[in-house]
Amino acid sequence: MEPHVPTARTENAIAWARQHLGTESYASRCLAFVEDAYERPNELELFGGDFAAESAEVYAARENEGAPPPVGAFVFYDFTGEMLGRRQNWGHVGLCVGDGLVIHAWDRVRTDHYLQIQNLAVPPGWDAPRWLGWTPTERILRGCRPKDWSPEGDAAAAARRMQAARFGDGTAVTG
């Protein structure tokens, strides 16, 4: 297991994420939310997967199944349902903010204890999320590069555009 060391980037990410608490602009775009939390305030670009379950594999989250570290780590869940005509594990992801709490985009940006996320109400046709593991900040930031996000405009609107480009539009993405 890699060490987990909070940094100024971690603090920036958590502050950015907390500014979005209660907003619905990232509903069903959990990966875009946690990536934007690190990318936007730190002017960098991360390179995970296209959806949360894929990022969990890229970041080897299953290697860290115990309780997540206090702050900054991504926490992952298996989350299976039908989307885009396919039933598969799309996953769910959030950002540790301390005391076992995770800020994540569900129906709105919210904070829940990492184990309680498994008990959230799910959309029809979806299985309950199951705790998978966490990824240290160092692994998330590996291979990142500087990026000026200002031309992209509003982060949530940019996330919707990128989602539509990757998966098509008209179908709600959960997790």
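Contact here means heavy atoms within 4.5 Å. Glutamate 35 sits in helix H2, residues 30–42. Why is it called buried? Because its relative accessibility is 10%, and buried means under 20% relative accessible area, exposed over 50%, partly exposed in between, with a 1.4 Å probe and protein chains only.

A word on the source. This is a predicted model, where local features need pLDDT of at least 70, side-chain atom pairs count only at pLDDT 80 or more, and totals for chains, interfaces and linings use all residues. Residues are numbered from 1 along each chain as its sequence is written, and side-chain values use heavy atoms, with hydrogens and water left out.

Now the overall layout. The protein chain has 5 helices and 9 strands. Those are DSSP runs, numbered from the N terminus: helices are H or I with at least four residues, strands are E with at least two. Along the sequence, the pattern reads α-α-β-α-β-β-β-β-β-β-β-α-β-α. The chain holds 175 residues, and 51% of them are buried. Take contacts between residues at least 6 apart in sequence: 67% of these join residues at least 24 apart.

Next, the sheet. In what order do its strands run? The order is S7-S6-S5-S2-S8, 5 strands in an open sheet with antiparallel pairing. Two strands pair if DSSP finds at least two bridges between them. S7 and S8 are the edge strands, each pairing on one side only. From one strand to the next, the twist averages 35°. Look at S5, residues 92–98, and S6, residues 101–105: these antiparallel strands are joined by 3 bridges.

Helix H1, residues 8–19, touches S2, S5, S6 and S7, and its direction makes about 110° with that of S5. H2 also touches S2, S5, S6 and S7, but its direction makes about 40° with that of S5. For these angles, axes are lines fitted to C-alpha atoms, for helices over the stretch in contact, and angles run from 0 to 180 degrees between N-to-C directions.

On to the aromatics. The whole structure has 12 aromatic pairs. The rule: rings of Phe, Tyr and Trp (its six-membered ring) pair if their centres lie within 6.5 Å; planes under 30 degrees apart are stacked, over 60 edge-to-face, the rest tilted. Phenylalanine 79 and tryptophan 126 have ring centres 4.8 Å apart and planes at 40°, so this pair is tilted. Where do the two residues sit? Phenylalanine 79 is in the loop between strands S2 (71–78) and S3 (80–83), and tryptophan 126 is in the loop between S7 (109–113) and S8 (130–135), 47 residues apart. Both are buried. Elsewhere, Tyr38, Tyr59, Phe74 and Phe76 form one aromatic cluster.

Most residues other than glycine have a negative phi. Alanine 60 has a positive one, about 55°, and lies in the loop between helix H3 (52–58) and S2. Aspartate 99 has a positive phi of about 55° too. Its place is in the loop between S5 and S6. Buried or exposed, aspartate 99? Exposed, because its relative accessible area is 73%.
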